[in-house]
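Open your viewer and get ready to select residues by number. This tour goes stop by stop, from paired side chains to a pocket.

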Amino acid sequence: MTATDRSLELIHTAAQAAADKLAHDVIAYDVSDVLSITDAFLLASAPNDRQVKSIVDEIEERLSKELGAKPVRREGDREARWILLDYVDIVVHVQHSEERVFYALERLWKDCPELELPADAKATRGKAEEHAKLHADEDADGFGEPR
């Protein structure tokens, strides 16, 4: 079994929305062979809670406006450290960068096929690492400026 065309359409739109809101490390997996409850997972992260919420809001708005899709469930809003949007066909996980490292969902789904994403979404790969390095340099500097 593979992800349906509808699932792929949802994933592509959600991935582009996440990239447009400067999400880090956007990736999607076809989980249809191992899970019966959904076709695909989209993972994205951000360095702070406000940006996590902004990414989620943009994904929700774009999927609603462009594809008429509304989530059947939205979880994690209160702390905005890990927000899950369940669209039945796909599940979107937007995590704070620290949660992304700690829970390492990529490790759980690494045997599932990775889905092709729009170029903007692919360009987000490695952004979390770049952001962490930049802020480590700023902290080491003591002045909040990159070395």
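**Stop 1: one turn of helix 1**

Select Glu-9 and Arg-6: both sit in helix 1 (residues 5–20), 3 residues apart, or about one turn of the helix. Keep in mind that this is a predicted model. Now show the two side chains. Glu-9 and Arg-6 meet in a salt bridge, with 3.4 Å from N to O.

**Stop 2: along helix 2**

Move on to helix 2 (residues 49–67) and pick out Asp-57 and Lys-53. They are 4 residues apart, about one turn of the helix. Zoom in on their side chains. Asp-57 and Lys-53 form a salt bridge, and the closest N and O atoms are 3.6 Å apart. Colour by accessibility if your viewer can. Asp-57 counts as partly exposed at 33% relative accessibility. Lys-53 counts as partly exposed at 34%.

**Stop 3: from helix 2 to strand 3**

Which bond joins them? Asp-57 forms a salt bridge with Arg-74, the closest N and O atoms being 3.0 Å apart. This pair links distant parts of the chain. Asp-57 lies in helix 2, while Arg-74 lies in strand 3 (residues 73–75), 17 residues away. Arg-74 has 26% relative accessibility and counts as partly exposed.

**Stop 4**

Together with Lys-53, Asp-57 and Arg-74, they are linked in a network of salt bridges. How many salt bridges does the count come to? The count comes to 18 salt bridges.

**Stop 5: the largest pocket**

Rolling a probe the size of a water molecule over the atoms shows where empty space is left. The largest pocket has a volume of about 280 Å³.

Next, show the elements around the largest pocket. Strand 1 (24–30), helix 3 (97–103) and helix 6 (127–141) are the elements that give two or more residues to its lining. Finish by colouring the lining by residue type.

Key. Residues numbered from 1 in each chain as written. Predicted model: local features only at pLDDT ≥ 70, side-chain atom pairs only at ≥ 80, totals over all residues. Heavy atoms only, no water. Salt bridge = Lys/Arg side-chain N within 4 Å of Asp/Glu carboxyl O. Buried < 20%, exposed > 50% of the residue type's maximum accessible area, 1.4 Å probe, protein only. 1 Å grid on protein atoms, 1.4 Å probe; cavity = no way out; pocket = protein on both sides within 12 Å on 5 of 7 lines; lining within 4 Å. Points joined across faces, edges and corners; volume = space filled by probe spheres on them.
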